[in-house]
Each structure stands twice: as C-alpha cells, then as structure tokens.
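Colleague: I would like to go through this model feature by feature. Please give the general idea where there is one, then the case at hand.

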Amino acid sequence: MGIDRDRYAWIDDFSIVLRRDAIRRKAGDPAFEFYTGSKIAASFWLAIVSCIAGMLGGLLPSGILWSSFIYPAAWLFVVVGVGFAVTLLTIRLAGRSIVFLAGWCIFWGILTGIVAMWGAQLSSAGWAYGIAGGIGFLVGITEGLLEHADLEGHDSLYMTGTILAPTSICLAVWLNRQDLVGFGGFQQAALTGAIAASLFLGPVMALYMAKWKSRSAIFRRASVYLHHDDFVAEGIRLLNIAIRLTPDDAVLFDRRALAHALHGDAASAEVDWHQHKVLKKESLAPEISRGWVHLRRGSPELAATAFDKALSGKARPASAMVGRSICALRLDQPQQAIDMLGRLPRGERDARSLTYLAQAHFMLGHWQDAIGVATDAIEELDSPYGLTWLVCAEANLELGNNDQAILGFNRALERDQELGIEERALEGLEKVDGPVFEEDELEDFEKALSSGS
C-alpha cells in the first residue's frame, strides 16, 4: 500500500516521551550497537578466537578423541570454558559490541574445524575433497547471512565467505593428507581445524570490521536517549563521539542542537544550529527541531510557528507535517490535524501518523473512523504503539463495544512504553470493570472475541 513499515520511524518524533525502563531496553537493541575502538585490534582478536575454535572443532571428529569416554567430556568442558573466557576477554579487550562476533567465530570456527578434519580422515580423496568443498560451500553461504544494520556492502562480505570457506577447508584437508602439518594425533587434528577456521573467518571478520560503519548506530542510540529528559546528557555524549567520527555531517549538528535545547543549554544549541546551516545552507531541520523542543516543553503554539516556518517553502518535510498535526491535536484543532495528515505523501505514512489521524477522528466524535484508522495501523503495519490500541479501545468504549475496549486497553498495557499509556489504559478498564489479563488469558480472550463466542 506504499505505507512505511520502518520500525524505527518513531525515533524522529520527539513529542514521544518514553518510560525510563523503555529507554534502557530500546538502547540495548542490537541494531544500535556500535564500535569505535581499533578495528585492526578487534580483527586480530577475532582471528585468534577463530583459530582456537577451529582447533577445538578439528578435535571432535578425530578418532583419537573417542578412544576414551573421558576425552569427549573433557572436550565439552574445554569448549564451555573457552566460551566463558572469550566472552570476558572480549569485553575487556574490545568491548561488549564485539561479544556477539566472538561468539559467532566460536560457533563457525568449531563447525569449520569439524568439516575439515572429517574430510581429512576419509580414505578416498574424492570423498575427502567432496565433503570439504561441498559442505564447506554450505558453511560459507550460511555464515554469510551475518548482517548488521550499519554494514556497508554486504554482498562482497557474503561472496568472500562463500569462496573462502570451501577453499580454506580444502587446503587444510590437503595439508593434512600430504602430512605437511608436521604433527600427529591431537596436534594434527587441532592444527587442521585451526588452519581451516583461521583462513576462512580471519579475513571475513577483518572485512566485516572494515565495512561496519558506526555513525548511524550512534546516531540512533543517541536519538533514543532524547526521548526522556533524564537521558539527554547521555545522548549528547554519544553525539559528540559521532561528530568526532564524521565532523562534516550536518545532520549530527542539528541533532546535537536539539539535544542541547532539551537539556536547557540554549547557547550551545544555537552554536550547533549555526554550524548545521554552514554545512547545509538551505536546510529546514533547525526549524523542525525547534518545533519538537517547544512541543516537549508544553508550548504547542510556539511549536506550530516553528513547523509552519519549516513548511513555508516548496519542500514540505514529512516530519514537519506530522509535528504540525500534533500541535493541532494539542491545540484542540482535530480537523486541521486531519487535513495536514491527509497531505502526507503515501510513502511517508506510518503507524504513528495513522495513530495521530485516529486521535483526530476520535476528538471529533467520529468513533467508527477512529477505529478504522487505528485498525489499519495495527493490522497492516503491526503498530508497536500503545497509543494506537488506546485510541481504538476508547472509541470502542464510546460505541458500547466493551469487550473490544477491554481487549484494546490490555493490548495498550502490553505496549505501555510511553509515559501516560498505562494510566489511561487502567482508567479505561476501570470504567468497564474490565480485568487486566495475563498474556495467555489475553490470547484466549481475543480468540473468543474473534470466534464470536
């Protein structure tokens, strides 16, 4: 339908104030992870982890490991111990944002070592290289599914892994079968796995680190912190880091100006907005940011003036249109909000803007329209906002659909990340003497409503 499903679209709507626990939870989203340390050091560490994992993997299919029941148990114990040790060392040496990659290297390093030693032990050369190349190819294309929101050029990373996995495994098998590794027994198995895993994952992780750009993740996490006044200082700290990484990025200066303004530092805000205009002369972003600041400070009249200024030219930024519609709602002008939201380009509409549209219809007493618009946001866009369910529930309450209202209020409580949602939902349930359901009870209640029983 051409409607935006961006799960992070809410981040740029700074009228939203989140609860403290919601801020912490959202800031921990893996999509907001970033790394600003030495990429060379991190790549070297991940190569070491891959080598160790490959050694462990090479031991597992080795016949000598299964010569005594003690050895497999010891192997499992060592794997667990290595996992714990690598986690702690990774946090200390490279930071928490690299822990997942270290775990990834352990898993795929062990698997690569297993395939290499499995093939090396087969008596038939055809089977040995067939296993190494065929399963190695599957390992490469599956490992290549590793993605990150801020990874540039994933295709090259995918192709590199797809080529290196079978190649490195076949090379390790060949070295083993030619007795070129120079060892026997456990040492031979471990070295075979280490060669395969190191030659495969070492370059792949180095390329991953080179393509991992942290600017966007820092920007997103900093923006999350701006949705509660108590976390704005942390947002400013992160934006300082981002600006050091990309000092000519006008967007970062505008966002930091917004943060300074929310923090009460008007002088620093003006300095950053001036720098933003130096870098991007025709930008309307400062006016939009000023609008958000006024909304957060409870001045919808001033916010409306700022958004109107941003909308006065030929360009009509969607964020300014949404912000202006929020001002209309807070100034008790719902028809103006409907008109403004109706002019949003279809590709710019999302669950949040539909929620505001439903709110406007509710304020006008158009209960059925409010339910219809909110339902579109819920069913078509999987709205993550408690406010969407709340508007739908309150409209159903006005129409006397008490069971639907009870469902809506409970769904709003599931998504009560914004300040004020929980209080309104509980108040609504109290009006209809409705219960607060546990998750399983709510699912059963919804199924019963759907079936008409």
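Colleague: Let me start with a single side chain: is T355 buried or exposed?

Modeller: Bear in mind that this is a predicted model. T355 has a relative accessible area of 0%, so it counts as buried, the cut-off being under 20%. T355 belongs to helix α16, which covers residues 351–363.

Colleague: Which residues does T355 contact, leaving aside its neighbours within four places in sequence?

Modeller: T355 is in contact with S383, Y385, L387 and T388, with those neighbours left aside. Y385 also has a charge over its ring: the charged end of R352 sits 4.9 Å from the ring centre.

Colleague: How should I read the packing of two helices?

Modeller: Two packed helices are described by the angle between their axes and by the distance between those axes. For α15 and α16 the angle is about 150° and the axes are 8 Å apart. The crossing of these two helices is left-handed. On the α15 side, P334, A337, I338 and L341 make the contact. On the α16 side, S353, Y356, L357, A360, H361 and M363 make it.

Colleague: Which residues touch the most other members of the largest nonpolar core?

Modeller: They are W292, F307, Y356 and F409, in a core of 93 residues. Setting aside residues up to four places away in sequence, W292 touches D12, D13, F14, S15, L258, F307, S319, G323 and I326. Another core, of 48 residues, lies apart from the largest one, and Y35, V79, V86 and A128 are among its members.

Colleague: How many aromatic pairs does the structure hold?

Modeller: It holds ten. One of them is Y208 with W212, an edge-to-face pair at 6.0 Å centre to centre with 65° between the planes. Both Y208 and W212 are buried. Y225 and F231 form a stacked pair, at 5.9 Å centre to centre and 10° between the planes. Y225 and F231 are both buried as well. There is also an aromatic cluster made of F100, W104, F107 and W108.

Colleague: What about the backbone: what should I expect of phi?

Modeller: Most residues other than glycine have a negative phi. D332 has a positive phi, near 60°. D332 is found in the loop between α14 (318–330) and α15 (334–342). D433 also has a positive phi, near 55°. D433 is placed in the loop between α20 (421–431) and α21 (439–451).

Colleague: Why do D332 and D433 count as exposed?

Modeller: The cut-off for exposed is over 50% relative accessible area. D332 has 59%, so it is exposed. D433 has 71% and therefore counts as exposed.

Colleague: How far apart are N396 and L245 in sequence and in space?

Modeller: They are 151 residues apart in sequence and 50 Å apart in space, C-alpha to C-alpha.

Conventions: Residues are numbered from 1 along each chain as its sequence is written. This is a predicted model: local features need pLDDT of at least 70, side-chain atom pairs count only at pLDDT 80 or more; totals for chains, interfaces and linings use all residues. Side-chain values use heavy atoms; hydrogens and water are left out. Helices (H or I, at least four residues) and strands (E, at least two) are DSSP runs, numbered from the N terminus. Buried means under 20% relative accessible area, exposed over 50%, partly exposed in between (1.4 Å probe, protein chains only). A nonpolar core is a set of buried Ala, Val, Leu, Ile, Met, Phe, Trp, Tyr and Cys residues joined through side-chain atoms within 4.5 Å. Contact means heavy atoms within 4.5 Å. Rings of Phe, Tyr and Trp (its six-membered ring) pair if their centres lie within 6.5 Å; planes under 30 degrees apart count as stacked, over 60 as edge-to-face and the rest as tilted. A charge sits over a ring if NZ of Lys or CZ of Arg is within 6 Å of the ring centre and within 35 degrees of the ring normal. Axes are lines fitted to C-alpha atoms, for helices over the stretch in contact, and angles run from 0 to 180 degrees between N-to-C directions. A crossing is left-handed if the near helix is turned anticlockwise from the far one by less than a right angle, and right-handed if clockwise.
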